[in-house]
Amino acid sequence: MVPKQSTLIASVLMGASLMSASPASAAPMVVGFERFGNDGATGVASGELLYNELKCTQCHGSRSAAFPAHQAPILDGVGSRIRLEYLQEFIARPEATKPGTLMPDMMAGMSDEARAAASEALAHFLASQGGTLASSVAPISAERRQHGEELFHSVGCVACHAPTRAAGAAKAGDEFWDDNVETAAIAVPSVPLPNLSDKTSPEALVAFLRDPAAIRSGGRMPNMTLSDDEATDIAHWLIYGDGDDGLTPPAAPAIDATKAARGQALFQQLNCASCHALGDTASPLVAPSFATEAPSPRGCLAETPTAGVPWFSLGEEQRAALLALQPVTSAEVSQADTINHSLLALNCYACHERNGLGAPEAGRAVFFGETDDQDLGDEGRMPPTLTAVGSKLTPEWLTDILTDEGRVRPYMATRMPHFGEANVVPLAEAFLAVDKNPTPLPINVTGLEHNHRNHYGRELMGTEGLGCVTCHNLNGHRSLGIPAVDLAFVPARLQPAWFKQYMLDPASLRPGTRMPAFFLEGKSQGSKLFNGNANQQIEALWIYLREVNETRLPFGMENTASFELKPRDYPLMHRTFVQDVGTHAIAVGFPAGIHYVFDALRMGPAEVWRGRFIDAESAQADRFSPFVKPLGEAVATLPSGIGLATSLEGPWTRDSMRFLGYRLDEGRVPIFQYAIGSVQVEESLRPDESGTSFQRRLRFSGPDQSIFLRLGKGEKTNETTFKIGAVTLTLTSAPSPVAGPGETGWVLPVAVTEAGTSIEQVISW
C-alpha cells in the first residue's frame with residue numbers, strides 16, 4: 001500500500017504539482033534546455049547541452065571539454081539501494097516509471113514478452129549487486145517527518161524539484177498563509193523524482209542525500225550539506241509522508257540466480273556499461289563520432305524507436321537541437337566556455353543570476369527564506385549574483401565556496417550546495433580569469449602607512465564612526481541590529497579593489513542593496529577621521545578587519561564591563577598606564593578589597609585604594625589608549641620620587657638603581673626585586689589581618705654598608721608612627737628614622753649585611 005503522502009508526492013512530481021506541471025510528455029527533462037531553450041542567450045548551443053547531459057558522449061565521443069563530466073549512476077551496490085520490483089519496472093519502461101528521466105529505453109523494438117523477461121533478468125542481476133536493501137526501518141516521529149517537509153521546502157531542494165505545498169503553508173494541501181498574496185506559477189519544469197516509497201528505503205535514501213557524489217559523481221544532484229538528522233527527516237517524509245501505514249519493513253527480495261546470470265549477459269549485450277560503472281565491467285561500443293561528423297537522423301535521433309538502439313523519447317525541439325550540431329572544428333576550450341557550460345549543466349541558474357541570466361523564478365523564489373525572523377529583505381534570503389564574481393572573491397574563497405568550505409550567510413535558509421571538487425575547481429579558475437578587473441581601483445593594504453593602524457579602523461567600524469556593527473556581525477559577535485554578513489571574513493573573501501569599489505558605491509556592484517553609501521566625492525559622510533578622506537578610511541577599515549583577531553571589538557559592540565578585573569581567589573596583577581603614576585605601573589589587587597600600584601620606574605608603591613580594583617580595557621587597545629584610574633574609592637598617594645639613596649644627603653635619583661622584575665610567592669603575592677648599587681632589595685605588600693591596611697616588607701642584602709630609605713615629608717606622631725599626607729606609616733620592625741636635609745623628609749637608616757636586613761611597615765589611610 002502506498003502511503004497517502006507518498007501518493008501526493010508522486011502525483012505532484014509526475015505532473016500534478018500544486019504550483020506547476022512537471023514534464024507533460026515522456027521527453028527527457030534537461031533543466032537548462034527547459035529554462036533557456038534555443039534562444040542562444042547562454043552562449044551554449046542547446047544541442048551541445050543536450051548532447052552532454054543525455055550522455056551521448058559515452059558512445060559518440062565528447063564534443064566539448066567545457067562541460068563538467070556527466071556519468072550515469074554508479075551501479076556498484078545498487079542492490080542495497082533500490083527495490084527489485086522498482087528496478088524491473090524502471091528498466092522495462094524508464095519514461096513511464098519516472099517521466100522526464102534521462103535514462104533511455106534500451107529495449108526498443110522488443111515484444112512485450114521479451115521486454116518483460118529481459119527487464120526481469122537485468123533487475124535480478126542488479127539486485128544481486130551489493131547485498132539487499134536495508135530491511136530494518138526505524139520509524140521516526142510525525143513531528144520529525146514534518147520537519148523533513150519543511151527542510152525540503154527551505155534548504156534549496158525546490159530550486160530544482162517541485163514543491164508539494166504552497167509557500168507559507170504549514171503542510172501540503174494547506175492554503176497560502178496570506179490570502180492577499182497570489183503565488184506565481186512555476187514556469188520551468190521541475191527535475192522529476194520517482195515514487196520513492198516504491199524505489200528505496202529510508203536508510204538508503206539518507207546515505208544518498210548525505211553523499212550524492214558516491215553514486216552520481218557528475219554533481220547534477222548536489223550535496224545539500226545535510227546533517228544525519230536532517231537527511232533522515234527528509235528521507236522519511238519523502239517515503240512515508242504524514243501517515244504511519246507505510247512503516248512496514250520491506251521484505252528481502254528473492255534473487256533468482258538463473259535470471260541474474262542471464263541479466264549479467266544482457267548487461268553486456270545492451271552496452272549498459274557504456275554509461276554505468278559496475279565493478280570492472282566494460283562494454284566497448286563502436287559508434288559514429290559526432291565530434292567529427294554531424295549527427296544522423298537515424299538511430300537514437302530517429303522519429304520512431306529502432307531495435308537495438310537506445311530510445312530517449314526526445315521532444316521535437318530536442319531532436320532538432322541535436323540534429324543542428326555540426327562537426328567540431330576546434331577542441332580549444334575558453335574559460336568563458338567553462339563558465340557558460342558549467343552554469344548550465346549544474347543548474348546554477350536556478351539560484352544565481354549572472355549577466356542578466358538566471359535567478360529563482362517567481363514561483364520558486366517564495367520558498368527562499370531566512371533562518372529566523374529578520375529584516376534583511378532579498379539580500380537575506382536570495383543567493384548572491386555571480387556577475388563579476390571572479391573580480392570580487394579571492395581565489396581561495398571562491399574555491400572554498402564551491403567545495404563547501406566557505407559559509408558567511410547563516411541567516412539564509414537556502415544553502416549553497418557543493419557539486420564535487422572535480423566539477424567546480426575548473427569553474428573557480430575560469431571565474432577568476434574571465435572576471436579579472438583590468439583597471440582595479442588602487443588600494444594600499446600593506447599595513448605600512450600610519451593611517452593603517454587598526455585603532456582607526458576600529459573607530460570607523462563602531463558606533464562612533466561609520467556604524468558598521470549596527471547591521472553587520474563581526475567575528476562571531478552579533479550586530480546591534482539585523483545580523484548581516486560577518487565582516488571578519490572580508491579580508492579572506494574579498495579582493496581589496498572590489499571592497500574599495502563597493503564601499504565607494506555599493507549600488508554599482510549590488511543594485512538594490514541596503515548597504516548605504518558612506519562616501520560622496522571622496523569624502524566620508526559618517527566620520528571626520530583623516531579629515532573624511534575616503535581612501536584612508538577604507539584602507540583603515542581593511543587593516544582593522546585583517547587584524548580583528550588581535551584587537552578589540554568596535555565601540556558599541558564591545559562589552560566594556562567585561563574588562564573590569566575582580567580579584568576573587570588570589571591576587572591579580574595588571575601592567576598598564578595609570579594616571580598620576582606613569583607608564584611603568586603594575587597594579588596589584590587583593591580579594592580583601594584593598595589594592596596598590598607599584599611604580600617600576602621609581603621602584604616603590606605609588607598609590608593605595610579600597611573597593612573595586614581596575615579596568616583593563618586600555619590594555620586591549622594600542623598606545624593611543626588613555627591612562628586609567630583606580631576603580632575604587634579612598635585613593636591615597638604615597639610619597640613620590642625615588643625612595644633609596646646610599647647617603648643621607650642623596651642624591652635620591654634613579655641613576656644608581658635597577659629594576660629586576662618580580663616573582664610570586666606561594667600565595668601568588670608579587671615580590672618586587674630591584675637593586676641600588678650592590679644592594680639587592682625585595683619588596684612586598686599584602687593586606688594585614690584586618691584587611692584594611694597593607695603590611696609592607698622590604699628585605700635588603702649585600703656587602704655590609706648603610707643605605708637610606710626615605711619615608712616622606714610629614715608629621716611624626718610618635719616614635720613609630722608618621723603621618724605622610726593622607727597615609728599613616730607605622731614602623732613595626734625598623735631603626736628610628738631621622739630627619740633628612742632640606743625637603744628630604746623623614747629617612748630611615750638601614751644597616752645592610754650579607755645575611756640580610758628586613759624592614760616592616762604598616763600602610764594605612
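In which order do the four strands of the open sheet stand? This is a predicted model, in which local features need pLDDT of at least 70 and side-chain atom pairs count only at pLDDT 80 or more, while totals for chains, interfaces and linings use all residues. Residues are numbered from 1 along each chain as its sequence is written, and side-chain values use heavy atoms, with hydrogens and water left out.

**View 1. The open sheet has the order β12-β17-β22-β21, with antiparallel pairing.** Strands (E, at least two residues) and helices (H or I, at least four) are DSSP runs numbered from the N terminus, and two strands pair if DSSP finds at least two bridges between them. β12 is joined by two bridges to the antiparallel strand β17 (residues 705-712), where Phe 708 stands opposite Ala 645.

**View 2. Glu 607 lies in strand β9 (residues 604-610).** Glu 607 is buried (under 20% relative accessible area, 1.4 Å probe, protein chains only). Its contacts (heavy atoms within 4.5 Å), not counting residues up to four places away in sequence, include Val 578, His 595, Tyr 596 and Leu 638.

**View 3. Helices α17 (residues 395-402) and α18 (residues 421-434) pack at an angle of about 145°, with axes 9 Å apart.** The axes are lines fitted to C-alpha atoms over the stretch in contact, and the angle, on a range from 0 to 180 degrees, is taken between N-to-C directions. Pro 395, Leu 398, Thr 399 and Leu 402 of α17 make the contact with residues of α18, among them Val 424, Phe 431 and Leu 432.

Key: Buried means under 20% relative accessible area, exposed over 50%, partly exposed in between (1.4 Å probe, protein chains only). Lys and Arg count as positive and Asp and Glu as negative; His and the chain ends are not counted. A salt bridge is a side-chain nitrogen of Lys or Arg within 4 Å of a carboxyl oxygen of Asp or Glu.
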